[in-house]
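Subject: Structure handover

Hi,

Here is the structure I promised to pass on to you. Have a look at it first, and then read on for my notes.

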Amino acid sequence: MKKINILLVCNAGMSTSLLIEKIEKAGVSQSIEAAVEARPVEDIKEYVSDKDVILLGPQVRFKEKQIRALVEEKIPVSVIDMSAYGTMNGEKVLQQALSLTAQ
């Protein structure tokens, strides 16, 4: 079974809880073990070391450059598609994460 470790970054680490469930459910349907963790943007430094990809909620997109510098470009970083985030489309967000790890 394929496995992916995803860090979701938002303002307070709370608005993404439903999205986590949807991503994990999408992973199960595709035989992918999606380990997803949500953290507030200010606390991520201690949580990045074992992640395959970091996805930012649209509300913290302005932190993308800072987070890329923090991980020294060693971990793919991207802003979650706004429509996927707004509709809590776990399938689409999982596909975005997978496409980033394939690069």
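Which residues does leucine 94 touch, not counting residues up to four places away in sequence? They are Ile4, Ile6, Ile23, Ala26, Gly27, Gln30 and Ala34, where touching, or contact, means heavy atoms within 4.5 Å.

Before the rest, a word on the basis. This is a predicted model, in which local features need pLDDT of at least 70 and side-chain atom pairs count only at pLDDT 80 or more, while totals for chains, interfaces and linings use all residues. Residues are numbered from 1 along each chain as its sequence is written, and side-chain values use heavy atoms, with hydrogens and water left out.

**The sheet**

Helices (H or I, at least four residues) and strands (E, at least two) are DSSP runs, numbered from the N terminus, and two strands pair if DSSP finds at least two bridges between them. On that basis, four strands make up an open sheet with parallel pairing, in the order 2-1-3-4. Strand 2 (32-40) and strand 4 (77-79) are the edges, each pairing on one side only. From one strand to the next, the twist averages 25 degrees.

Going through the pairs:

- Strand 1 (residues 2-10) pairs with strand 2 over nine parallel bridges, and leucine 8 has alanine 38 as its bridge partner in strand 2.
- Strand 1 also pairs with strand 3, in the parallel sense over four bridges; here isoleucine 6 is partnered by valine 53.
- Strand 3 and strand 4 run parallel and are joined by three bridges, with isoleucine 54 opposite valine 77.

In a regular strand the side chains alternate between the two faces of the sheet. Strand 3 is covered on both faces: Val53 and Leu55 are buried on one side, Ile54 and Leu56 on the other. Buried here means under 20% relative accessible area, exposed means over 50%, and partly exposed lies in between (1.4 Å probe, protein chains only).

**The cores**

A nonpolar core is a set of buried Ala, Val, Leu, Ile, Met, Phe, Trp, Tyr and Cys residues joined through side-chain atoms within 4.5 Å. The largest one has 23 residues, and Ile4, Ile6, Leu8, Leu19, Ile23, Leu55 and Leu94 have the most contacts inside it. At least two of its residues come from each of strand 1, helix 1, strand 2, strand 3 (53-56), helix 3 (82-86) and helix 4 (90-101). Helix 4 gives the most, with five residues. There is also a second, separate core of 13 residues, including Val41, Ile44, Val71 and Val77.

Back to leucine 94, which lies in helix 4. Leucine 94 counts as buried because its relative accessibility is 0%. The C-alpha atoms of leucine 94 and isoleucine 6 are separated by 8.9 Å, although the two are 88 residues apart along the chain. Isoleucine 4 is in contact with Leu94 too, and its other partners beyond four places in sequence include Ile32, Val53, Ala97 and Leu98.

**Helix packing**

Helix 1 (residues 17-29) lies across strand 1 and strand 2, at about 170 degrees to strand 2. Axes are lines fitted to C-alpha atoms, for helices over the stretch in contact, and angles run from 0 to 180 degrees between N-to-C directions. Helix 1 packs against helix 4 at an angle of about 75 degrees, with the axes 8 Å apart. The two helices are therefore roughly perpendicular, a label for angles of 65 to 115 degrees. In this contact, Leu19, Lys22, Ile23, Ala26, Gly27 and Ser29 of helix 1 meet Gly90, Glu91, Val93 and Leu94 of helix 4.

**Loops to look at**

Most residues other than glycine have a negative phi, and most peptide bonds are trans. Two residues here have a positive phi without being glycine:

- Glutamate 73, with phi near 60 degrees, sits in the loop between helix 2 (64-70) and strand 4. Glutamate 73 is exposed, at a relative accessible area of 56%.
- Methionine 88, with phi near 55 degrees, is in the loop between helix 3 and helix 4. Methionine 88 counts as buried, at 16% relative accessibility.

Finally, lysine 63 is in the loop between strand 3 and helix 2. Lysine 63 counts as buried because its relative accessibility is 15%, and beyond four places in sequence it touches Val41, Glu42 and Leu56.

Best wishes

Notes. Angles under 35 degrees count as roughly parallel, over 145 as roughly antiparallel, 65 to 115 as roughly perpendicular and the rest as oblique.
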